Amino acid sequence: MTVNQLMFMCAVEEMSFSKAAEKSFVTQQCLSNHIQRLEKSCGVRLFERNPHLTLTEAGKILYQSYVQIRDIEETTSLKLRSEGEAVHGTIRFGTHLNRARIFLLQPFMQFNNRYPNVKLKVIFVHTMDAETMLAENRVDVVLGANGTLIPNAYREVIGEESIVFLASPKLLREKIPDWDLSRTTITMKELSLFPITAAANVSMMAQNLNHAMVYENLELNYIFLTDDNAAQLEFCKAGKAIMFCPENQLIGRESLIVPGSDDYIQVLKLESYADFMPIALFTSSQRQLPAYVTEFCSMVRDYYQEQIQEVRKILALNHNDSFSD
């Protein structure tokens with residue numbers, strides 16, 4: 001079931017948006033957005049909100065259908081688990097620290113239900129090391145970015161992302177007093193006015209950005225360098241610097257990009273600049289991997305593609321479709 005559907009079911013069962021949001025570990029605004037998107041996709045109202053929260057007739061029909069779907073999924077999961085319990089093994093998965101949280105946690109929870117005796121060992125590597133790690137059989141699969149073709153390796157591109165810039169409204173108005181919060185882009189000249197937080201290890205994304213700035217006789221003012229994306233984000237939320245990152249770093253943080261939230265961060269693109277980053281899974285063409293490794297890779301791909309589309313829908317909704325594909 002999709003996140004929108006699960007949020008709707010939780011709201012029905014709690015019959016309170018605030019309680020459902022707390023149970024789902026999201027903000028009430030985030031949960032409300034999921035339900036609004038479900039209503040829009042179905043073309044009907046699912047709740048009456050006044051004088052108190054109740055289901056519409058359409059909501060009742062939809063809920064009963066989803067209960068049946070959930071029952072089928074749970075029954076199927078139990079059958080698969082009984083088959084998967086006999087499988088033992090370890091998946092050695094190489095990726096960058098900041099991608100592990102985004103791409104692996106939720107898929108592995110799902111995978112673990114079917115294969116409780118298969119372990120996941122996450123090894124932090126950069127894409128540039130993928131060829132060596134695969135050739136020396138130190139990893140089974142690598143999730144990387146900006147990956148070119150690697151000899152003796154298969155590459156499955158699972159997505160392509162652009163760079164985004166995150167800034168607090170406070171910092172934007174501090175540096176540019178007449179800043180309009182409805183803006184969706186920032187110029188290179190404006191960007192050069194801001195302090196920047198970024199990774200200490202210079203990525204290809206950062207190199208491309210730096211070259212573009214130099215071409216315009218401008219430079220970025222890096223003041224906080226760390227490979228910890230979460231630390232960068234906290235520094236950004238505090239209004240201390242602008243951070244830049246691929247779109248996938250917004251997955252799981254959708255409430256931050258909804259106007260009106262306590263920690264609202266404005267998401268911007270750089271004018272006259274386009275740098276698209278492929279996200280790919282690499283496996284060795286010299287080895288036959290167990291079927292459960294391939295299945296886990298499929299789960300990672302499906303989860304990522306679903307979640308990145310959710311992020312883009314929110315950005316498009318907030319920015320008059322300028323962030324859509």
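F8 and F47 are both buried, a term that here means under 20% relative accessible area, with exposed meaning over 50% and partly exposed in between (1.4 Å probe, protein chains only). The model is a predicted one, in which local features need pLDDT of at least 70 and side-chain atom pairs count only at pLDDT 80 or more, while totals for chains, interfaces and linings use all residues. Residues are numbered from 1 along each chain as its sequence is written, and side-chain values use heavy atoms, leaving out hydrogens and water.

Aromatic rings make a friendly place to start. Rings of Phe, Tyr and Trp (its six-membered ring) pair if their centres lie within 6.5 Å, and planes under 30 degrees apart count as stacked, over 60 as edge-to-face and the rest as tilted. By this rule there are 12 aromatic pairs. In one of them, the ring centres of F8 and F47 are 5.7 Å apart and the planes meet at 65°, so the pair is edge-to-face. Y115 and Y292 form a tilted pair, with 6.4 Å between centres and 50° between planes. Y115 is buried at 8% relative accessibility, and Y292 is buried at 12%. Ring pairs also join F93, F108, F111, Y115, Y292 and F296 into a cluster.

Attention now turns to helix α2 (residues 17–24), whose buried residues are F17, A20 and A21; helices (H or I, at least four residues) and strands (E, at least two) are DSSP runs, numbered from the N terminus. On the other side of α2, K19 and E22 are exposed. After α2 comes F25, with a positive phi near 60°.
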